[in-house]
Amino acid sequence: MTQRVLIAADKFKGSLTAVQVAERVTAGLRRVAPRVTVESLPVADGGDGTVDAAVAAGFERREARVAGPLGDEVTAAFALRGDTAVVEMAEASGLQRLPAGVFAPLTASTHGSGELLRAALDAGARTIVFGVGGSATTDGGAGMLSALGARFLDAEGEPVTPGGGGLGGLASADLSGLDPRLASVELVLAGDVDNPLTGPKGAPAVYGPQKGASPDDVETLDAALAHYAKVLEEAVGARATEYAAAPGAGAAGGIGFGALLLGARFRPGIEVLLDVLGFAPALDRADLVITGEGSLDEQTLHGKAPAGVAAAARAAGKEVVAVCGRLALPPEALGRAGIRRAYPLTQAEPDVARCIADAGPILERVAEGIARDFLT
């Protein structure tokens with residue numbers, strides 16, 4: 001009987017896209033087991049690569065000209081199938097949109113993410129999966145809300161300056177001008193963090209340093225976002241304070257908070273994406289599932305794509321193995337996650353620099369080992 005393999009892996013960040021991972025694993029498997037049937041379903045957890053995963057699963061790629069995090073115009077993509085859109089905030093407001101070595105922790109804005117949501121509405125979307133992660137911003141979603149019709153004014157009645165730093169001067173907020181189409185759209189906030197907006201576990205303290213924020217910047221941003229939430233409470237009531245403390249509000253520099261104000265429902269990114277991409281029927285057809293990402297580590301176990309794939313596969317009684325660039329989990333942790341065995345590139349090539357530079361060919365060799373162990 002022909003064995004069926006489902007490859008449902010995330011990208012190897014900096015080396016291979018999720019689509020390339022699937023192609024390389026397929027090539028390696030077929031070298032050893034030429035008759036194997038392989039189905040590829042590249043996955044993502046809401047961060048960068050989410051739109052690419054949707055397009056690989058049959059969504060149409062759409063593009064829009066929007067503001068980047070520094071205000072310059074960029075071409076950003078979203079994915080559309082029927083009346084369901086997958087929007088990735090990193091496409092408009094991600095770190096990859098900044099020039100190399102440049103950070104703007106106080107001034108980077110999510111305005112372009114709001115424009116991207118509006119483009120999805122213009123395209124007829126009635127359900128929007130909003131993937132958040134990889135942001136360059138810490139503005140609490142204020143830029144996004146502004147692009148959708150909200151007004152944030154200083155004491156002189158002028159719009160506050162872009163970015164989280166400018167929110168310290170916020171005097172009034174008006175959400176009455178928000179795009180009316182938002183009221184009839186299902187907005188799903190797809191992320192993999194459960195941080196609140198502010199405080200020791202909030203967006204500035206935990207993620208600000210990754211975006212170039214100094215300790216003083218973190219303090220400034222935390223105070224500014226707390227003030228922003230207070231002003232919004234005056235504008236929309238107690239729900240603003242509730243949302244600021246809610247798990248996921250701190251996602252992507254607080255854009256989760258802005259999305260919750262729009263009525264979004266928060267769900268773990270990988271769960272949402274597996275539903276949208278049609279993972280369940282593909283899983284039914286598989287005998288073996290291969291998942292993976294660049295680094296299998298403690299973070300993987302907290303909502304990253306391989307953990308989500310493994311949990312769903314285990315529930316369906318399917319065997320799961322993983323490929324990765326680097327393995328930092330002991331076998332017992334892998335077992336608890338539902339992963340029978342992991343195959344790191346470093347197993348085939350001890351030189352880490354070479355693993356990164358030549359990830360594709362090395363991954364093919366690793367996949368040959370999987371085929372020998374499980375398909376022959």
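What follows is a set of questions and answers on this predicted model.

Q: Which residues in the largest nonpolar core touch the most other members?
A: That core holds 57 residues. Helix α9 (residues 251–261) gives the most to this core, with seven residues. The members touching the most others are Ile128, Phe130, Leu145, Phe152, Tyr228, Leu232 and Phe257.

Q: How many residues are in the other core, the one with Leu41 and Ile339?
A: This core lies apart from the largest one. Its members include Leu41, Ala190, Leu329 and Ile339. The count is 40 residues.

Q: Which residues does leucine 145 touch, leaving out those up to four places away in sequence?
A: Leucine 145 is one of the core members with the most contacts to other members. With the sequence neighbours set aside, its partners are Ala150, Phe152, Leu178, Tyr228, Gly258, Leu261 and Leu262.

Q: How many residues of α9 are buried?
A: The buried list includes glycines such as Gly253, Gly254, Gly256 and Gly258, along with Ile255 and Phe257. Helix α9 is largely enclosed by the rest of the structure, because the buried residues number 11 of the 11.

Q: Which residues of α10 are buried?
A: Helix α10 covers residues 269–277, and seven of its nine residues are buried, so this helix is largely enclosed by the rest of the structure. Glycine 278 follows α10 with a positive phi near 80°. The buried ones are Gly269, Ile270, Val272, Leu273, Leu274, Val276 and Leu277.

Q: Is the aromatic pair of tyrosine 228 and phenylalanine 257 stacked or edge-to-face?
A: The ring centres are 5.6 Å apart, with 75° between the planes. Planes over 60 degrees apart fall in the edge-to-face class, so the angle settles the matter: the pair is edge-to-face.

Q: Where in the chain do the two partners of that pair lie?
A: Both tyrosine 228 and phenylalanine 257 are buried, and together with Phe152 they form one aromatic cluster. The pair links distant parts of the chain, 29 residues apart. Tyrosine 228 is in helix α7 (residues 215–236) and phenylalanine 257 is in helix α9.

Q: Which backbone oxygen lies 3.3 Å from a polar atom of the serine 135 side chain?
A: Serine 135 lies in the loop between β6 (127–131) and α5 (142–147). Its relative accessible area is 3%, so serine 135 counts as buried. Leaving out residues up to four places away, it touches Met89, Ser93, Gly94, Leu95, Lys211, Ala252 and Gly253. The oxygen in question is that of threonine 137.

Q: Is alanine 357 buried or exposed?
A: Alanine 357 is found in helix α15 (residues 352–357). Its C-alpha atom is 22 Å from that of aspartate 52, a residue 305 positions away along the chain. With a relative accessible area of 61%, alanine 357 is exposed.

Technical notes
Residues numbered from 1 in each chain as written. Predicted model: local features only at pLDDT ≥ 70, side-chain atom pairs only at ≥ 80, totals over all residues. Heavy atoms only, no water. Buried < 20%, exposed > 50% of the residue type's maximum accessible area, 1.4 Å probe, protein only. Helix = DSSP H or I, 4+ residues; strand = E, 2+ residues; numbered from the N terminus. Core = buried A, V, L, I, M, F, W, Y, C linked by side-chain atoms within 4.5 Å. Contact = heavy atoms within 4.5 Å. Phe/Tyr/Trp six-rings, centres within 6.5 Å; stacked < 30°, edge-to-face > 60°. Polar contact = N/O pair within 3.5 Å; in protein donor to acceptor, adjacent residues only side chain to side chain.
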